[in-house]
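This briefing describes one protein chain, from its overall dimensions down to single side chains. The points below are grouped by topic.

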Amino acid sequence: MQPETIAALSPLFQAANPKTLEWLLPTAIEHEYPGNRAVLMEDSWGNAVYFILSGWVKVRRLAGDSAVTIAVLGKGDVFGEMAILDESPRSTDVVSLSPVQVLSISAPNFIQTLLTDPQLQYRMLQMMGQRLKQMNGRFQLQNQPSFIRLASTLVDLGDKYGVEYQETIEIFNVPFTDLANISDINVEDAAKIMGKFRERGWIKIDSERHVIKLSGIQQLRRLLER
């Protein structure tokens, strides 16, 4: 993979020095996983940082025999970097929602790269700030009705990962359980609300292509402005 290719795929590397990428990329390893496969297990956090080249994954919080989805990530996202930096035990794992390609870089190589490239350090700080902002946004929605929280999730996924196709925005057909988890609502409410959104023509689910068409993303955005 060429330096310009990874720079285009991952926002983290867009500001990186080309020489940094030339040194780093030969050490990277590409992996492919089918859908519904563990990509990163609880005891593997801190060994490497992972960049999503294609496909979708979910990050789950584990508690005994139960698991709750806390994030859905797509192309261009990175995971595992914080475990490298804080070296703390993890109670989460990462599971593929669809066939997925990821690029892994070992913890020592990633840390060395951060220490030698100030632009990469700055970009990392920006990403951390964006994640804090997203967490604060979710916290502020806690007292909002369920349909507002679900609309916010759909808009966020559309803005971050949406692909324009035939004059609509498409995202992966994330299962209702995972949509409910990351929206902090129950699954029954999520199914009912998605049904209402479909009746209004704001979303369409294409099961054959495994996508949700956000045909009414502007209407969903207006819900959030109330």
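A residue is called buried when its relative accessible area is under 20%, exposed when that area is over 50%, and partly exposed in between. The model is a predicted one. Its secondary structure consists of nine helices and twelve strands.

**Overall dimensions and surface**

- The C-alpha trace of the chain extends over about 55 × 45 × 35 Å along its principal axes.
- The radius of gyration is 18 Å, which agrees with the value near 17 Å that a compact globule of 226 residues would have.
- Among contacts in the chain with a separation of 6 or more, 70% are between residues 24 or more positions apart.
- The accessible surface amounts to about 12300 Å², and carbon and sulfur atoms contribute 49% of that surface.

**The four-stranded sheet**

- Four strands form an open sheet in the order S9-S10-S12-S11, and their pairing is antiparallel.
- Strand S9 (163-165) and strand S11 (204-206) are at the edges; each has a single partner strand, so one side of each has no neighbour in the sheet.
- From one strand to the next, the twist averages 35°.
- Four bridges join strand S10 (residues 168-172) to strand S12 (residues 211-214) in the antiparallel sense.
- Opposite Lys213 in S12 stands Glu170.

**Aromatic pairs**

- A pair of aromatic rings is described by how far apart the centres are and by the angle of the planes.
- The whole structure contains four aromatic pairs.
- One of them joins Tyr50 and Phe79: the ring centres are 5.2 Å apart and the planes lie at 10°, so this pair is stacked.
- Tyr50 belongs to strand S3 (residues 48-54) and Phe79 to strand S6 (residues 78-79), so the pair ties together parts that are 29 residues apart in sequence.
- Both partners are buried: Tyr50 has a relative accessible area of 10%, and Phe79 has 3% relative accessibility.
- Trp56 and Phe172 form another stacked pair, with 5.9 Å from centre to centre and 25° between the planes.
- Trp56 is in the loop between S3 and strand S4 (57-63), while Phe172 is in strand S10, so this pair ties together parts that are 116 residues apart in sequence.
- Trp56 is buried with a relative accessible area of 12%, and Phe172 is buried with 14%.
- Trp56, Tyr161 and Phe172 are linked into a cluster by ring pairs.

**Arg138 in helix H5**

- Arg138 is located in helix H5, which covers residues 118-140.
- Its relative accessibility is 33%; Arg138 therefore counts as partly exposed, the class between under 20% and over 50%.
- Leaving aside residues up to four places away in sequence, Arg138 touches Ile70, Asn181, Ile182 and Asp184.
- Arg138 and Ser152 are separated by 14 residues in sequence and by 8.8 Å in space, taken from C-alpha to C-alpha.

Note on methods. Residues are numbered from 1 along each chain as its sequence is written. This is a predicted model: local features need pLDDT of at least 70, side-chain atom pairs count only at pLDDT 80 or more; totals for chains, interfaces and linings use all residues. Side-chain values use heavy atoms; hydrogens and water are left out. Two strands pair if DSSP finds at least two bridges between them. Helices (H or I, at least four residues) and strands (E, at least two) are DSSP runs, numbered from the N terminus. Axes are lines fitted to C-alpha atoms, for helices over the stretch in contact, and angles run from 0 to 180 degrees between N-to-C directions. The radius of gyration is taken over C-alpha atoms; the globule rule is 2.2 Å times the number of residues to the power 0.38. Contact means heavy atoms within 4.5 Å. Accessible areas come from the Shrake-Rupley method with a 1.4 Å probe; for residues, only the protein chains shown count as cover. Buried means under 20% relative accessible area, exposed over 50%, partly exposed in between (1.4 Å probe, protein chains only). Rings of Phe, Tyr and Trp (its six-membered ring) pair if their centres lie within 6.5 Å; planes under 30 degrees apart count as stacked, over 60 as edge-to-face and the rest as tilted.
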